[in-house]
Amino acid sequence: MLDAKRSRLALLGPAFVASIAYVDPGNFATNISSGAEYGYLLLWVILAANLMAMLIQNLTAKIGIATGRNLAELCRERYPEPVRWGLWIQAELIAMATDLAEFIGAAIALNLLFGVPLFASGLITAAVSFVVLGLTARGHRRFEVAIVGFLLVILGGFLYDTLRIGFDAGDAAAGFVPSFEGTDSVLLAAGILGATVMPHVIWLHSALTQDRVVARDDEERRRLLRFSRIDVTIAMSIAGLVNMSMLVIAASLFFGGGVPVDTIEEAHAGFDTLVGSGAALAFALALLASGLASSSVGTYAGQVVMQGFIDRTLPLALRRGITMAPALVVLALGINATDALVLSQVVLSFGIPFALIPVVLITRDRAVMGALVNRPVTTAVAAIVAALIVALNVFLLVQTIAG
């Protein structure tokens, strides 16, 4: 029989890697803007988004446990060649868009912390990411430990700022009651929900659980799935706590205060002015950890996608160079960082349906999933969540293009 303690420890980790996508630099901007403009009003949206993310990441993890293959490999086996190549090409573009956002976030953090010019900050980010990715050569566990370390820095930074700044518990609790204040708040809520699931970690998560612990029968697979659910619950709960802390801090500090927080730099300046250098430092360190971790995870996901779709791999250094090239060009040309972040989110929105829909279709297929096939109610809920997220992203794309 599968040793319960060993398998439980072995299964902890993949969801923590995936959870980094939910606390990347893009989340910083969205959550802080929400709190600054509407106070605690949209806390319930972050909670709903986190629950959706838990469902999707549970399903992707289950694919690896049930089949011993990852999502990209299953798509290669099941879909015609034109579909397979199309999925692969869009997934590679998604990896580049992901790197664009993460690189810019880390570069801004280094600039805030040490005054390093943005392009030089990008080069430093690249060097650190190479070191982090190099840990994968010695097995998945060291890479996961490094990512968990970054996640703890992010969590620690925002918990410190939350305790330092304080907040009204009653007003915050009221934010969990669904409500809106005008059309703009609806649009911002759609932005939070629409950007809930990041496509690159949908592809990645199943690869992190496939053959992680070899199960000999369906009972052992069910046990591994239970341990995986614990992993997802803990990791995504931490990510949700971080996102809520971002909004709570912004609501407590900036809402109604007349302090402009349209950019990450302005938010950092607001921390320094209104609270002190310690709070500003904690914010910048959290942003740096977010950018470094998420850029490494994005490149790792790109490697998994290439291997899965076309059965090829590239040296991580080469892949890192390819995916980070657009970000370095943006930094070198001095293009507005906020505009670049918006563009990257538009590209990411295009990729979400191509990752979500295969997850729902595959996990409902008994021929593929065997005993771990979705229950009808799970498939129904997953289909509704997928349809909602896709619809919101289409809506946001239209609004962005129209704007």
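## The second largest pocket

Six nonpolar, three polar and five charged residues make up the lining of the second largest pocket; here Ala, Val, Leu, Ile, Met, Phe, Trp, Tyr, Cys and Pro count as nonpolar, Asp, Glu, Lys and Arg as charged, and the others, Gly among them, as polar. In total, 14 residues line this pocket, and K62, L225, R229, R375 and T378 lie nearest its centre. Two or more lining residues come from each of the elements α4 (43–67) and α12 (218–254). The space in the second largest pocket is about 350 Å³.

A pocket is an open set of points on a 1 Å grid over the protein atoms alone, with protein on both sides within 12 Å along at least five of seven lines, whereas a cavity is a set of points where a 1.4 Å probe fits but cannot get out; lining residues have an atom within 4 Å of a point. Grid points are joined across faces, edges and corners, and a volume is the space filled by probe spheres set on the points. Helices (H or I, at least four residues) are DSSP runs, as are strands (E, at least two), numbered from the N terminus.

## Basis of the model

The model is predicted: local features need pLDDT of at least 70, side-chain atom pairs count only at pLDDT 80 or more, and totals for chains, interfaces and linings use all residues. Residues are numbered from 1 along each chain as its sequence is written, and side-chain values use heavy atoms, with hydrogens and water left out.

## The enclosed cavity

The structure holds one cavity of 30 Å³ or more. About 30 Å³ of space lies in the largest cavity, which is lined by A91, I94, A95, H200, W203, G298, A301, G302 and V305. The elements α6 (81–114), α11 (199–209) and α14 each give two or more residues to this lining, and the largest share, four residues, comes from α14. The lining has six nonpolar, three polar and no charged residues.

## Aromatic rings and the core

Nine aromatic pairs are found in the whole structure; rings of Phe, Tyr and Trp (its six-membered ring) pair if their centres lie within 6.5 Å, and planes under 30 degrees apart count as stacked, over 60 as edge-to-face and the rest as tilted. F28 and F158 form an edge-to-face pair, with 5.2 Å from centre to centre and 65° between the planes. This pair links distant parts of the chain, since F28 is in helix α3 (residues 25–38) and F158 is in helix α8 (residues 140–165), 130 residues apart. F28 is buried at 0% relative accessibility, and F158 is buried at 2%; buried means under 20% relative accessible area, exposed over 50% and partly exposed in between (1.4 Å probe, protein chains only). Ring pairs join F28, F158, F254, F271 and F283 into a cluster.

The largest nonpolar core has 135 residues, and L42, F158, W203 and F309 have the most contacts inside it. Such a core is a set of buried Ala, Val, Leu, Ile, Met, Phe, Trp, Tyr and Cys residues joined through side-chain atoms within 4.5 Å. Not counting residues up to four places away in sequence, F309 touches A72, C75, R76, R84, L87, W88 and W203, where contact means heavy atoms within 4.5 Å.

## Two individual residues

T125 lies in helix α7 (residues 118–134) and is buried, with a relative accessible area of 0%. Neighbours within four places in sequence aside, T125 is in contact with F103, A106, A107, L110, L292 and S295.

D311 is found in the loop between α14 (277–310) and α15 (316–333). D311 is not a glycine, yet has a positive phi of about 55°. With 48% relative accessibility, D311 counts as partly exposed.
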